[in-house]
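Okay, everyone, thanks for coming. Let me put the model up, and then I'll talk through a few spots in it.

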Amino acid sequence: MELLAVKELKKYFKTPRGTLHAVDGVSFTIDEGRTLGVVGESGCGKSTLGRVLVKLLPATSGEVLWRGKPILYGKPSPQLRREMQMIFQDPFSSLNPRMTVGETIAEPMEIHHMFPSRRETEAEVAKLMDTVGLASRFVNSYPHELDGGRRQRIGIARALSLNPSFIVCDEPVSALDVSIQAQILNLMQDLQEERGLTYLFITHDLSVVRHISTAIMVMYLGMMVEKAPCEELFAHTLHPYTRALLAAIPRPVVPDGPVHHELLRGEISSPIDPKPGCRFAARCPYAKDICFHQTPVLREVRAEHFVACHKVEEEVNGKA
């Protein structure tokens, strides 16, 4: 069942140099219990997209449907606030340094009056700490006394405290060591199975997103350039930018034969008042004249596989 539908979502920022197109006409859907991975370089708009969805930032235009009802404009209801939560990238700056672990996890429940007594709230805090793998001895500890992995577990417990249906995960493991990353990813998958959670998982690491996602959306300078089911994207990577991202994944085993790498050269186009054309054209090794003057349209070129690329469209039409 479809939980979230996003249609032509835009978020622009006014700057002294012009209008910055952080998110520019993005559309997608997420079904209940699924994970949509959003990948791209820093500055592509993926974090801004997540913040707009949970209404931490107002949208410029577009439409967001939650269970079929529009939610993008107007003040969010308390019920919607409980249903949609966010896990932030930095597990230190996202926590109040003056609040203990127990107080941090309890705060959302107290704001929303989830339980009639303090004792019931404390019992729920203890249960959530156990769920995310935080020892009870840390209940009165402060964030600076804990390592990054434990801090991120606090953020996850806080997000779970209101029993949400949908969580935006904004690079929740990028600031952690590799071994801790695996623990947090496994924890999030276990929680998804137990609670039927739906994730929008934002990251710049395709190896991480492959581990957790049902489908993957690739963004470049505010626009979606490719979207497909996870295994389909890795088996049939079509957009040159996605190929370059895949080539950047470290390989634990060096292959015997030669390896072709999709190297990116050239300057990144400015997202401020962008001109018509493909925003990746200045760095694309296959760019033609049309790429600099006509913006490619996102089209379904394989089953559930969408790409915005003139080169891919020519190849598909040529085969047809």
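So, the lining of the second largest pocket: six residues are nonpolar, three polar and four charged. Here Ala, Val, Leu, Ile, Met, Phe, Trp, Tyr, Cys and Pro count as nonpolar, Asp, Glu, Lys and Arg as charged, and the others, Gly among them, as polar. That pocket is lined by 13 residues, and T29, D31, A215, K227 and E304 lie nearest its centre. By pocket I mean, on a 1 Å grid over the protein atoms alone, an open set of points where a 1.4 Å probe fits, with protein on both sides within 12 Å along at least five of seven lines; lining residues have an atom within 4 Å of a point. Two or more lining residues each come from β2 (18–31), β3 (35–39) and β10 (223–229); strands are DSSP E runs of at least two residues, helices H or I runs of at least four, both numbered from the N terminus.

A caveat: this is a predicted model, with local features needing pLDDT of at least 70 and side-chain atom pairs 80 or more, while totals for chains, interfaces and linings use all residues. Residues are numbered from 1 along each chain as its sequence is written, and side-chain values use heavy atoms, without hydrogens and water.

Over to helix α1, residues 46–53, where V52 sits. Is V52 buried or exposed? Buried, at 2% relative accessible area, with the cut-off for buried being under 20% (1.4 Å probe, protein chains only). Beyond its neighbours within four places in sequence, V52 contacts L9, K11, L57, A59 and L72, contact being heavy atoms within 4.5 Å. Six of the eight α1 residues are buried, so the helix is largely enclosed by the rest of the structure.

Terms used. Buried < 20%, exposed > 50% of the residue type's maximum accessible area, 1.4 Å probe, protein only.
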